[in-house]
Amino acid sequence: MERRAYKQALYAVRNEDTALDIVQDAMLKLAEKYAAKPLAQLPLLFQRILQNIIRDYYRRQKVRSLWTTLFSALTHGDDEEERDPLETLRPGDASKPADGPHERLEQTQVVAIIEQALESLPARQRQAFLLRYWEDMDVAETAAVMGCSQGSVKTHCSRATHTLAAILKQRGVEL
């Protein structure tokens, strides 16, 4: 569960250290506030907490960005570092090992393409897709975690799968 939560946070924030912090915060909140809850309710509660912390992260980033923009307009410095906002994700371990080195390389490349395609999705589509198909939640659970209707979850998932399929087809990947 921790590894999947980490990957989910990593897809959302695109920073390994921040993703680790987010997962740790979510686990601590779950333990502190919901320790008395039945065990069956904990995975759904954890996902809800994780998504809320990710949303809070983006809210804070938006405020920081506003202040940074305002302050940078007041200063005259050309010493800004150019930095690529998208960081490369390492492919994770496959659930079933490939036969040989060629198959492993091919599988690693496909995983990298899929991860890159996931990064290009809008946040809500990526969130719905990961919860439904990565975390294997049903529509009702996903809607509860995302705080939206089941119809919205279906719409986000449909759009995400169509976009991913188009990207993969464009990159020559046939699954």
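1. Aromatic pairs, to start: rings of Phe, Tyr and Trp (its six-membered ring) pair if their centres lie within 6.5 Å, with planes under 30 degrees apart called stacked, over 60 edge-to-face and the rest tilted. By this rule the model has 2 aromatic pairs. One of them is Y11 with W134, edge-to-face at 5.5 Å centre to centre and 80° between the planes. Since Y11 sits in helix α1 (residues 2-13) and W134 in helix α5 (residues 123-134), the pair ties together parts that are 123 residues apart in sequence.

2. A word on what we're looking at. This is a predicted model, where local features need pLDDT of at least 70 and side-chain atom pairs count only at pLDDT 80 or more, while totals for chains, interfaces and linings use all residues. Numbering runs from 1 along each chain as its sequence is written, and side-chain values use heavy atoms, with hydrogens and water left out.

3. Y11 is buried at 1%, whereas W134 is partly exposed at 30%.

4. Then there's F129 with Y133: ring centres 5.1 Å apart and planes at 55°, so this pair is tilted. F129 and Y133 are 4 residues apart in helix α5, about one helical turn. F129 is buried, with a relative accessible area of 17%; Y133 comes out partly exposed at 46%.

5. Helix α5 also packs on another helix. Two packed helices are described by the angle between their axes and the distance between the axes. The axes of α5 and helix α7 (residues 150-170) come within 8 Å and cross at roughly 95°. Axes here are lines fitted to C-alpha atoms, for helices over the stretch in contact, and angles run from 0 to 180 degrees between N-to-C directions. That makes α5 roughly perpendicular to α7 (65 to 115 degrees).

6. Who touches whom? With contact meaning heavy atoms within 4.5 Å, the α5 side includes F129 and Y133, and the α7 side includes H156, C157 and L164. By class, this contact has 7 nonpolar, 4 polar and 3 charged residues.

7. Overall, the chain has 7 helices and 0 strands; helices (H or I, at least four residues) and strands (E, at least two) are DSSP runs, numbered from the N terminus. Buried residues make up 31% of the 175 residues. Of the contacts with a separation of 6 or more, 63% come from residues 24 or more positions apart.

Technical notes. Buried < 20%, exposed > 50% of the residue type's maximum accessible area, 1.4 Å probe, protein only. Parallel < 35°, antiparallel > 145°, perpendicular 65-115°, else oblique. Nonpolar A, V, L, I, M, F, W, Y, C, P; charged D, E, K, R; others polar.
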